[in-house]
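My notes are below, in the order I took them.

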Amino acid sequence: SHIFTDTNIPSLDKDLVTAQNEVDHINSRIKELKNQVGYGDDSTDFGPGGELYALREECLEMSSGKYTYHLCMFQKAKQTESGRGGGVDLGKWDGMSFDQETGQRVMKWKGGSKCWNGPMRSATVFVTCGIETKLVSAEEPNICEYEFRLESHIACDDIFRKIHGL
Ligand code: MAN
């Protein structure tokens, strides 16, 4: 003998649909939260340990010579010159790469305003471990290609400790 009767099958079916809806709802919430902290499939990439989450709203700034640089996480980078308006577009955020062996993090902005007789402007930031998050150098080694060094706690990870014998 089995437990199913004409009366309880429709009600079990209904429970099944309800339970499946709950599962779907929870799964989409899990996906949403994973994307928010940087572990999701279609997420903004917050780095191997989700560390960029801590900087997600920051614009890093540094002056060098007559220029000031503004590098905004997940947004745009620009170069301004005092008394000269809105500034020059250095490109859009193109993500942060991470080298498994060296632990090197490299942030990139590209597709900025085109340089006369040169490439579209771009910015590259090499990140190393430091207590404070601050740009420590700004250079233009090739015309319209800008390079920066950034110290930040986001790079103080196990690989850094191992390489430096800490
Ligand atoms: C502007 C700035 C400089 C750049 C020149 C190239 O003056 O963006 O950094 O070298 O344009 O013409």
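**Ground rules.** I am working on a predicted model, where local features need pLDDT of at least 70, side-chain atom pairs count only at pLDDT 80 or more, and totals for chains, interfaces and linings use all residues. Residues are numbered from 1 along each chain as its sequence is written, and side-chain values use heavy atoms, with hydrogens and water left out.

**Ligand site.** I first listed what surrounds the ligand: Tyr67, Gln79, Cys115, Arg121, Glu140, Ile143, Cys144 and Tyr146.

Next I checked the ligand's oxygen atoms. A polar side-chain atom of Glu140 is 2.6 Å from one, and for Gln79 the distance from a polar side-chain atom to a ligand oxygen is 2.7 Å. With Tyr67, a side-chain N or O atom sits 3.2 Å from an oxygen of the ligand. How much of the ligand's accessible area does the protein cover? It covers 69% of the 310 Å² that the ligand has on its own (Shrake-Rupley method, 1.4 Å probe; for residues, only the protein chains shown count as cover).

**Aromatic rings.** I counted seven aromatic pairs. The rule takes rings of Phe, Tyr and Trp (its six-membered ring) with centres within 6.5 Å; planes under 30 degrees apart are stacked, over 60 edge-to-face, and the rest tilted.

Tyr69 and Tyr146 have ring centres 5.7 Å apart and planes at 50°, so I logged the pair as tilted. Tyr69 is in strand 2 (residues 67-72) and Tyr146 in strand 8 (residues 145-152), so the pair ties together parts 77 residues apart in sequence. Strands here are DSSP runs (E, at least two residues), and helices are H or I runs of at least four, both numbered from the N terminus. Both tyrosines, Tyr69 and Tyr146, are buried (under 20% relative accessible area; exposed is over 50%, partly exposed in between; 1.4 Å probe, protein chains only).

Phe74 and Trp93 are also tilted, because their planes are at 55°, with centres 5.0 Å apart. Phe74 comes from the loop between strand 2 and strand 3 (76-81), and Trp93 from strand 4 (residues 88-98), 19 residues apart. Phe74 and Trp93 are both buried. I also noted a phi near 65° for Phe74, a positive value in a residue other than glycine. Phe74 and Trp93 belong to one aromatic cluster with Phe46, Tyr53 and Trp109. Over the ring of Tyr53 sits the charged end of Arg56, 3.8 Å from the ring centre (the rule: NZ of Lys or CZ of Arg within 6 Å of the centre and within 35 degrees of the ring normal).

**Single residues.** His70 is in strand 2 and is buried at 14% relative accessible area. Which side chains does His70 touch? I found polar contacts with Thr80 at 2.8 Å and Glu61 at 3.2 Å. A polar contact is a pair of N or O atoms within 3.5 Å; within protein, one must be able to donate a hydrogen and the other to accept it, and residues adjacent in sequence count only if both atoms are side-chain atoms.

Last, I looked at Asn117, in the loop between strand 5 and strand 6. Asn117 is exposed at 68%, and its phi is near 60°, positive in a residue other than glycine.

Technical notes
A residue is near a molecule or strand if one of its heavy atoms lies within 4 Å of it.
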